[in-house]
Amino acid sequence: MGGLAIHICAAYATGLRLASPAKRKLCAGLVANFILLCYYAAPLSTVAAVVRSRDASSISGPLVLVNAGNGLLWTVYGAAVEDALVWAPNLAGVALAAAQLALKLAFRGARASTTAIATAAKGVG
């Protein structure tokens, strides 16, 4: 909902202040890219907790894969049409998704192994 409000405010402001259609298009693209980068980076809010607990269960694997695929496709398209406003933020999205995937793979079994150890310790004592 916040992204929509930002777009509406930007559209209103650019309609009033920017006379050139090219400048209005650039401004709208930059606002959209800002929102896109916030979307790609949002799952990284749990990185500190994942590293501290060594448990990546808070990272959604399917979401990471879909984000990576989406970013990759838009990166290829942006490169094909030679538009940095398309490929650059999506390439950043691919990199952020790769970082999340690396965390997911590095700490994928942490919760299961910790639970198994705790259960075994209770049974022994």
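This is a predicted model: local features need pLDDT of at least 70, side-chain atom pairs count only at pLDDT 80 or more; totals for chains, interfaces and linings use all residues.
1. Tryptophan 74 and tyrosine 77 both lie in helix H4 (residues 61–80), and because they are 3 residues apart there, about one helical turn separates them.

2. The protein chain has 2 aromatic pairs. One of them joins tyrosine 39 and tyrosine 40, with 5.7 Å from centre to centre and 50° between the planes, an arrangement classed as tilted. In the pair of tryptophan 74 and tyrosine 77, the ring centres are 5.6 Å apart and the planes stand at 90°, so this pair is edge-to-face; the cut-off for that class is an angle over 60 degrees.

3. Are the residues of these pairs buried or exposed? Tyrosine 40 has a relative accessible area of 1% and is therefore buried, the limit being under 20%. Tyrosine 39, its partner in the tilted pair, is partly exposed at 41% relative accessibility. In the edge-to-face pair, tryptophan 74 has a relative accessible area of 41% and is partly exposed, and tyrosine 77, at 44%, is also partly exposed.

4. The protein chain contains 6 helices and 0 strands. Along the sequence, its pattern reads α-α-α-α-α-α.

5. How do helices H2 and H5 pack? Helix H2 (residues 21–41) and helix H5 (residues 84–106) have axes 9 Å apart, at an angle of about 5°. Angles under 35 degrees count as roughly parallel, and H2 and H5 are therefore described in that way.

6. From H2, the residues concerned are Leu26, Leu30, Asn33, Leu36, Leu37, Tyr40 and Ala41. From H5, they are Leu85, Pro89, Asn90, Ala92, Gly93, Leu96 and Gln100. Tyr40 thus has a place in this helix contact as well as in the tilted aromatic pair.

7. Which residues form the largest nonpolar core? This core has 7 residues, namely Val50, Ala56, Ile59, Val64, Ala97, Leu103 and Phe107. When neighbours within four places in sequence are left aside, phenylalanine 107 is in contact with Val50, Val51, Arg54, Asp55 and Ala56.

8. Some values describe the protein chain as a whole. Of its 125 residues, 21% are buried. The accessible surface amounts to about 8,300 Å², and carbon and sulfur atoms supply 73% of that area. Among contacts with a separation of 6 or more, 68% link residues 24 or more positions apart.

Terms used:
Residues are numbered from 1 along each chain as its sequence is written. Side-chain values use heavy atoms; hydrogens and water are left out. Rings of Phe, Tyr and Trp (its six-membered ring) pair if their centres lie within 6.5 Å; planes under 30 degrees apart count as stacked, over 60 as edge-to-face and the rest as tilted. Buried means under 20% relative accessible area, exposed over 50%, partly exposed in between (1.4 Å probe, protein chains only). Helices (H or I, at least four residues) and strands (E, at least two) are DSSP runs, numbered from the N terminus. Contact means heavy atoms within 4.5 Å. Accessible areas come from the Shrake-Rupley method with a 1.4 Å probe; for residues, only the protein chains shown count as cover. A nonpolar core is a set of buried Ala, Val, Leu, Ile, Met, Phe, Trp, Tyr and Cys residues joined through side-chain atoms within 4.5 Å. Axes are lines fitted to C-alpha atoms, for helices over the stretch in contact, and angles run from 0 to 180 degrees between N-to-C directions. Angles under 35 degrees count as roughly parallel, over 145 as roughly antiparallel, 65 to 115 as roughly perpendicular and the rest as oblique.
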